Amino acid sequence: MIDLDDIDRALIKSLSEDATQSAGALGRKLDLSQPATWRRIKRLESEGILAGRTLDLDREKLGFGVTVFLGVKLATKGRVSLDDFERAVTAIPEVQRVEHVLGMYDYRLRVTARDIADFERVLRRRIMTLPGVGDVEANVLLSEERRPGPL
């Protein structure tokens with residue numbers, strides 16, 4: 001674990017609110033010079049604390065009005081079936097996130113689709129035909145709240 005001071009924490013908080021801010025703007029906010037701010041950002045990146053910046057898209061405005069969380073239990077287990085499943089599922093563009101989990105299911109998938117009919121098509125033609133798929137449970141997202149802050 002890296003030792004973070006109050007300025008590092010304030011920098012992380014500020015970037016979590018708006019990752020598009022320049023080093024100069026962040027420096028003015030934190031009472032640091034632009035080069036000092038830039039060096040801190042680079043150090044946080046090299047330490048792996050800042051692991052990238054993401055774009056937050058409005059899926060609904062882009063025509064993807066349905067999000068479904070799928071619990072997938074593999075019919076057969078073993079290193080080969082895990083690798084085969086992961087390789088195949090990550091190639092499906094509607095699958096936004098793949099999480100290998102412990103519990104009732106082996107994987108949790110976040111799937112986006114235009115509507116329920118589109119989701120059914122993705123489920124039947126793409127997901128259910130993947131290598132090793134056994135039981136599947138679907139949970140349709142009704143609403144989503146974001147927690148403020150980086151964690």
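Me: Where does Arg40 sit?
Reply: Arg40 sits in helix α3, which covers residues 34-46. Keep in mind that this is a predicted model.

Me: Why is Arg40 called buried?
Reply: The relative accessible area of Arg40 is 19%. Buried means under 20%, so Arg40 counts as buried.

Me: What does Arg40 touch, leaving aside residues up to four places away in sequence?
Reply: Arg40 is in contact with Asp5, Ile7, Asp8, Leu11 and Leu32. Contact here means heavy atoms within 4.5 Å.

Me: Which residues are linked with Arg40 in a network of salt bridges?
Reply: The network links Arg40 with Asp5, Asp8 and Arg43. In general, side chains of opposite charge can pair when their charged atoms come close.

Me: Which residues of α3 are buried, and what puts them on the same side?
Reply: The buried residues of α3 are Ala36, Thr37, Arg40, Ile41 and Leu44. They cover an arc of only 140° around the axis, so they lie on the same side of α3. That buried set packs against α1 (6-17) and α2 (23-30). On the face turned away from the buried side, α3 carries the exposed residues Arg39 and Ser46.

Me: What happens at the N-terminal end of α3, and just after the helix?
Reply: Ser33 caps the N-terminal end, with a side-chain oxygen 3.1 Å from the backbone nitrogen of Ala36. Just after α3, Gly48 has a positive phi of about 85°.

Me: Why is the pair of Arg53 and Glu45 called a salt bridge?
Reply: The closest N and O atoms of Arg53 and Glu45 are 3.6 Å apart. The cut-off is within 4 Å, so this pair qualifies as a salt bridge.

Me: Are Arg53 and Glu45 buried, exposed or partly exposed?
Reply: Arg53 has 46% relative accessibility and Glu45 has 29%.

Me: What makes Arg121 and Glu94 a salt bridge, and which parts does the pair tie together?
Reply: Their closest N and O atoms are 3.4 Å apart, and a salt bridge needs them within 4 Å. Arg121 lies in helix α5 (residues 116-127), while Glu94 is in the loop between α4 (79-89) and β2 (95-100), so the pair ties together parts that are 27 residues apart in sequence. Arg121 is partly exposed at 28%, whereas Glu94 is buried at 12%.

Me: What is the N to O value for Arg121 and Asp118, and what separates the two along helix α5?
Reply: The side chains of Arg121 and Asp118 meet in a salt bridge at 2.7 Å, N to O. They are three residues apart in helix α5, which means about one helical turn separates them. Asp118 has 14% relative accessibility, so Asp118 counts as buried.

Me: How many salt bridges does a search of the whole structure find?
Reply: The search finds 15 salt bridges.

Me: What does UniProt place at residues 4-65?
Reply: An unreviewed UniProt entry places "domain: HTH asnC-type" there. In the model, the span is 53% helix and 0% strand, and its end C-alpha atoms lie 40 Å apart.

Key
Residues are numbered from 1 along each chain as its sequence is written. This is a predicted model: local features need pLDDT of at least 70, side-chain atom pairs count only at pLDDT 80 or more; totals for chains, interfaces and linings use all residues. Side-chain values use heavy atoms; hydrogens and water are left out. Buried means under 20% relative accessible area, exposed over 50%, partly exposed in between (1.4 Å probe, protein chains only). Helices (H or I, at least four residues) and strands (E, at least two) are DSSP runs, numbered from the N terminus. The arc is that of the directions from the helix axis to the C-beta atoms. A polar contact is a pair of N or O atoms within 3.5 Å; within protein, one must be able to donate a hydrogen and the other to accept it, and residues adjacent in sequence count only if both atoms are side-chain atoms. UniProt positions are given in the numbering used here, feature names are shortened, and annotations may be inferred rather than shown by experiment.
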